[in-house]
Amino acid sequence: MVKKETLPELYESLFKPLTVQGHGVYVREEGSGWVVHISQPQAAKQILLKADMFPKSQRNLLKGTLFNYFLGTENIVTTTGHEWKKHRLIVNPAFHRSSPVKLFGELAKQMFTLWETKNPESTFTVDFGNWMERFTLDVIGQAGFGFEFDAMANENNYWTQVYNKLINDSRRPLYLMFPILDRHLSWLIPSRRAAFQNADKFLGMLKQIIEHKRKTLKSIDMDAMDECDKDLLTLMIESQLRGEGQLTDTELLNNLAIFFLAGHDTTAIALSSAVYWLARHPHIQEKARQEVNAVLFPDGSLPDEDVVPTLENTKQFIYLNQVIKEALRLGGPATQLGTPREAQKEFELAGTGVMMPKGTMFTVNIFELHHNPELWEDPYTFNPDRFEAGGAAEQNAGNGLAWTPFSNGTRQCVGMNMSLVEQRVTLAMLLRHYDISLPKDSIHRHGPVMKGGFQFKQANLQIEFKKRF
Ligand code: HEM
């Protein structure tokens, strides 16, 4: 990505020729070998819904890297078969029982206060991408294990810096492309030695929290605590104490690390995408705002104060949910599966009639599926009506998986509901409090411009907010 091209321009030149000429299937070299990319709904459904036939590939290319050091190998993402089921058995109920709606709302309020203290005028501009990273870090710290990063109030505090350094160091392209550097030579490179020591600090802090929680939870009445106020670590340990399964401290640690990596940037990117598209479409923004007001204040009163939606309210935000889905279609954080799937025997790839040999590696190319012109008319246009009852999304669904930002099947994202509720609460509160627009000099005026490198993030996303109260 040398030139600052918009996403549609990049897609047209780089990927569309492959997707369209290949009828939604083509192969690409990905370091681990050739991987079949799928952007066609029948084949996507076949690969994702038959998890036993297409398990995650166990070729661990990142073995020995800082990235792997942080996440470990005993977690819900890297394991398969019985091992994976053991993790999902504990992790799934924790996510289902946790709905920290109040936490999302209180943190949104805190963010508005911080903005307005720094910007006393009625209209101001913020680096929204950066704020979403800080907001979602505060959320995952508290919702994950009851830890206050305070990244919004003070971006330079100790643990926020340790965490940000760890994430940046573990994603450095050079070390991901040449894992041998971390595996065998990190002791020779002072900056890399420091990066591993920094990871030890963060992991050490997580270990202490796990030990502390194990001890305290044995001695308190868990039923006396409100379910919504419990963090994920508490809920996982509780499941074990109730005899619902067992994870060692290392397994708990590795899963907490995964929740950070999988749950922090992803929701930040999703929220940034939704706010960006709302900024570009004032009439859609107004329609979503009116729905939020009608749900929260059915008597027509519109108080000039922030009100945190309840979980029940968030289920009634039908149009806002369409906005979120459309923003995930256009700019969802997962552009393809994190780990390729490996065919366990020879089979016919659905919708193509082509036989694929045992051992073939596949990925569902979520980005291309979501921009495939054969599935989505005018694919770059933001149009939440695609997701209304009877709309294009519903019609596509009869034909396979055309919209799948969280993957699907048994290995669907376990944090999906948490992320969707977080997005609904945050967007509803933003819409009530502010009119949202793009600054005149925004680099994104004609389409989203992405950062280079491995992350699918909008570059320098400045957003203008005008107070409504
Ligand atoms: C917009 C937000 C999010 C998106 C688009 C997203 C997307 C995805 C996708 C595509 C996968 C499948 C990866 C694969 O199979 O290779 C996945 C898995 C997963 N996600 Fe998310 N995710 C989001 C938020 C979260 C959050 C908030 C958490 C936790 C705090 C989370 C935790 C996980 C975990 C643990 C898995 C592995 C599940 C398993 O293999 O059983 N995600 N996510």
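Predicted model: local features only at pLDDT ≥ 70, side-chain atom pairs only at ≥ 80, totals over all residues.
Contact here means heavy atoms within 4.5 Å. With that cut-off, Ser39 touches Thr19, Gly24, Asn365, Glu368, Leu369 and Asn372, not counting residues up to four places away in sequence.

Residues are numbered from 1 along each chain as its sequence is written, and side-chain values use heavy atoms, with hydrogens and water left out.

Ser39 sits in the loop between strand 2 (34-38) and helix 3 (41-49); helices (H or I, at least four residues) and strands (E, at least two) are DSSP runs, numbered from the N terminus. Buried means under 20% relative accessible area, exposed over 50%, and partly exposed in between (1.4 Å probe, protein chains only). Ser39 counts as buried because its relative accessibility is 0%. In sequence, Ser39 and Leu369 are 330 residues apart, yet their C-alpha atoms are 4.2 Å apart in space.

Ile366 belongs to helix 18 (residues 366-371) and is buried, with a relative accessible area of 4%. Leaving aside neighbours within four places in sequence, Ile366 is in contact with Ala334, Thr335, Gln336, Leu337, Thr404 and Pro405. One of these, Thr404, is 38 residues from Ile366 in sequence and 6.7 Å away, C-alpha to C-alpha.

**Around the ligand**

Which protein atom is the donor of the iron atom of the ligand? The only one is Cys413 (SG), at 2.3 Å; donors are N, O and S atoms within 2.8 Å of the metal (3.2 Å for Na, K and Ca), and water is not among the atoms, so sites may look incomplete. Cys413 is found in the loop between helix 19 (392-397) and helix 20.

In total, 29 residues surround the ligand, and the closest are Trp84, Arg88, Gly338, Arg341 and Cys413; a residue is near a molecule if one of its heavy atoms lies within 4 Å of it. Helix 5 (81-97), helix 13 (249-263), helix 14 (265-280) and helix 20 (416-433) each supply at least two residues of this shell, and helix 13 gives the most, with 4 residues.

The polar contacts below are pairs of N or O atoms within 3.5 Å.

| Residue and atom | Ligand atom | Distance |
|---|---|---|
| Arg88, polar side-chain atom | oxygen | 2.7 Å |
| Thr339, backbone N or O atom | oxygen | 3.4 Å |
| Ala262, polar backbone atom | nitrogen | 3.5 Å |

**Nonpolar cores**

A nonpolar core is a set of buried Ala, Val, Leu, Ile, Met, Phe, Trp, Tyr and Cys residues joined through side-chain atoms within 4.5 Å. The largest has 103 residues, of which Phe70, Trp115, Phe128, Phe202, Phe260 and Phe465 touch the most other members. Apart from it lies another core of 24 residues, among them Val25, Ile47, Met53 and Leu375. Phe202 touches Phe70, Phe149, Trp159, Val162, Tyr163, Leu166 and Phe260, not counting residues up to four places away in sequence.

**Two backbone angles to check**

Most residues other than glycine have a negative phi. Asp150, not a glycine, has a positive phi of about 60 degrees; Asp150 lies in the loop between helix 7 (128-145) and helix 8 (158-170) and is partly exposed at 34% relative accessible area. Asn460 is not a glycine either, and has a positive phi of about 40 degrees. The place of Asn460 is the loop between strand 8 (434-437) and strand 9 (462-467), where Asn460 is partly exposed at 46%.

Methods: Polar contact = N/O pair within 3.5 Å; in protein donor to acceptor, adjacent residues only side chain to side chain.
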